[in-house]
Amino acid sequence: MGEREYPELIRLVETVARFRGEGGCAWYEAQDHRSLVKYLLEESAELVDAIEEGTAADRREELGDVLFQVLFHADVANHAASEGERFDLEDVAREQRDKLERRNPHVFGPNPTRDIDEIIALWEAAKAHEKAHRTSVLDGIPKNWDSLARATKVIGRAAELDITVPDAAQPAPDTEAALGELLLALVADARTKGLSPDRALRAATARLEDRVRADEASRATS
C-alpha cells in the first residue's frame, strides 16, 4: 500500500501540523495530554452515540473527530520538552502494527485459522505473554472508566480467581431488555432515597478489588 492510496489522510496530518508554529494556533500549542482528556472523552462518547443511534454520515464525522484527537496527542508528544516523553505518529503506528501482528497469529503467524474458539485462545495466549510482567489480574483496567463498564471488567477478572459476587436479591433477568429495566428501577429507587448509584457501584467495585488483591497476596505467600 502506497501513500497515494491515502491522500486525504496525508492531507489531514499536514493540516494538523499547520496548527503549530508561525501562523498557527496559540490555544493548540498551549495544550498537553491532560488538558485534552475531556475532549477525548467527549468525542469518544459522541462516536458511541453515532454508532448506536446515528447515520453513516454521523459515524464518519465522529470517527474523524476521534482521529483528530489521536493526531493531536501524537503532535503534543512529538513536541514534549523531555526527550523521554517524546514520540510521534509514526511511533504510535509502528507500535500498534507490531501489537496487532503479535496478538493475531491466526492472521500473521505460520498457522492461520478461521476457527473462532482457536482465534480467541491464540489471542488470549499472545496477550498473556505480553502482560507476563503484571502482578495482578486487575492491572490494566482503566481507573477512569465509567463505573458500570469498570465493574463489569473487574468482575470478569475476579472470576479468573474463582472470586464471585453474591447473587442479587432481585429476580435474575434473562434478556438485556429485562436487565435494563431492573437497572433503571434500581437507579430510580436509589434516587428517591438520596443515594448515588454511581458512587455506590464504584465503592462496591473497590471492595471487590480489595478481595482480589487479598486473594492474590495470599496465593503469593502460600
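Student: How do I read "buried" here?

Tutor: Buried means under 20% relative accessible area, exposed means over 50%, and partly exposed is in between (1.4 Å probe, protein chains only). Tyr-28 has a relative accessible area of 2%, so it is buried. Phe-19, at 32%, counts as partly exposed.

Student: What should I know about the model itself?

Tutor: It's a predicted model: local features need pLDDT of at least 70, side-chain atom pairs count only at pLDDT 80 or more, and totals for chains, interfaces and linings use all residues. Residues are numbered from 1 along each chain as its sequence is written, and side-chain values use heavy atoms, leaving out hydrogens and water.

Student: How many aromatic pairs does a search of the whole structure find?

Tutor: A pair of aromatic rings is described by the distance of the centres and the angle of the planes. Rings of Phe, Tyr and Trp (its six-membered ring) pair if their centres lie within 6.5 Å; planes under 30 degrees apart are stacked, over 60 edge-to-face, the rest tilted. The search finds six pairs. In one of them, Phe-19 and Tyr-28 have ring centres 5.2 Å apart and planes at 25 degrees, so they're stacked. Phe-68 and Phe-72 make a tilted pair, with 5.4 Å between centres and 45 degrees between planes.

Student: Where do Phe-68 and Phe-72 sit?

Tutor: An α-helix has 3.6 residues a turn, so residues three or four places apart point the same way. Helices are DSSP runs (H or I, at least four residues), numbered from the N terminus. Phe-68 and Phe-72 are four residues apart in helix H4 (residues 56–78), about one helical turn. Phe-72 is buried at 1%, whereas Phe-68 is partly exposed at 24%.

How values were computed
Helices (H or I, at least four residues) and strands (E, at least two) are DSSP runs, numbered from the N terminus.
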